[in-house]
Amino acid sequence: MADSQLSAAPRAPHVPPHPMANPGYGKRSASGQRPRSAHDFAHLPPREAAVAGYVDRLPDGADISVKTGSARWVTRTFFSRTPRDDAWWAAFTRGDVPPEQQRPTRSRAFVLLAALGRTAPALSLSAADCAGLEPYVTEWLARGATEAQLLHALTGGLPVPVHHAAALVRSRLISKMPPERAAPPTLPAVLRVLECTKCGAPGRGEALPGGTCGPCRGEQVPVPASSRGIPVGGVRDRMAEVRAAMVPRTRRTRA
């Protein structure tokens, strides 16, 4: 009789989860990312491509910040697998990036109107009716009304029979429209500064086309007149005046 013993398969070493940053910080993925592929970072050098692939696989909120010990600046890393042009990054630093172009979808207001017949069959609406009434429902939602409040206003105390569902819904949406909400306080403008990908010099998006600053692109940076050197003769004359002023008063009197 042969006796065989099967050993358990070796366990994979325990890999602790990647540390997460404090709430509000860490990795943030840009909107409108296209699906991952094997050639996302093929245009980068091998080391940079490996770093980009590693960051790409991290979850949002992962701690990948650069800590310098400064109490004035907070470094945040924004990651985009999808290539962006200079105009996009410049708009991003100003905080006014346009929304991504997506396939048109039905709005929340349209869906609510289309489903109205499930709650009240007498208020079943056509697609054309929903499109015509959509702006009124959108305004209700913008003024803070909930879907439950909206349904109660439209379906409560219905007449029997309902001769024209769309006309009745429009009349109630207009006559029972809630008051406008107070405008929210104005928030300060977003201030973001990018860094040169070669030397790390800070700058606005407009000053970093392609992600590099002027000196790294070979451009000559003009030197302000206030920072130019003082002529040698002028320095000597000024130092003589300073030394004369430092001579004790008694010595100047005797002389």
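These questions and answers cover helix packing and confidence in a predicted model.

Residues are numbered from 1 along each chain as its sequence is written. Local features need pLDDT of at least 70, side-chain atom pairs count only at pLDDT 80 or more, totals for chains, interfaces and linings use all residues, and side-chain values use heavy atoms, with hydrogens and water left out.

User: In the protein chain, which helix has the highest confidence?
Analyst: Confidence here is pLDDT, the predictor's score for each residue from 0 to 100. The chain averages 77, and 73% of the residues score at least 70. Helix H9 (residues 249–254) is lowest, at a mean of 54. The highest, at 95, is H7.

User: How many contacts does the stretch of residues 1–10 have beyond near neighbours in sequence?
Analyst: Contact means heavy atoms within 4.5 Å. The pLDDT over residues 1–10 is below 50. Where pLDDT is low, the predicted coordinates should not be read in detail. Beyond near neighbours in sequence, the number of contacts in this stretch is zero.

User: Which backbone oxygen lies 2.6 Å from a polar atom of the Thr155 side chain?
Analyst: Thr155 lies in helix H6 (residues 147–155); helices are DSSP runs of H or I, at least four residues, numbered from the N terminus. Not counting residues up to four places away in sequence, Thr155 touches Leu116, Thr119, Ala120, Leu123 and Arg172. The oxygen at 2.6 Å belongs to Leu151.

User: Are H6 and H7 oblique or roughly parallel to each other?
Analyst: H6 and H7 (residues 165–175) pack at about 120 degrees, axes 9 Å apart. Axes are lines fitted to C-alpha atoms over the stretch in contact, and angles run from 0 to 180 degrees between N-to-C directions. Under 35 degrees counts as roughly parallel, over 145 as roughly antiparallel, 65 to 115 as roughly perpendicular and the rest as oblique. H6 and H7 are therefore oblique.

User: Which residues of H7 meet H6?
Analyst: The H6 side supplies Leu150, Ala153, Leu154 and Thr155. Their partners in H7 are Val169, Arg172 and Leu173.

User: Are H5 and H7 roughly parallel or oblique to each other?
Analyst: H5 (residues 127–142) packs on H7 at an angle of about 15 degrees. Their axes are 10 Å apart. The two helices are therefore roughly parallel.

User: Which peptide bond is cis, with omega near -5 degrees?
Analyst: Look in the loop between H6 and H7, where Pro161 is found. The cis bond runs from Val160 to Pro161.

Technical notes. Polar contact = N/O pair within 3.5 Å; in protein donor to acceptor, adjacent residues only side chain to side chain.
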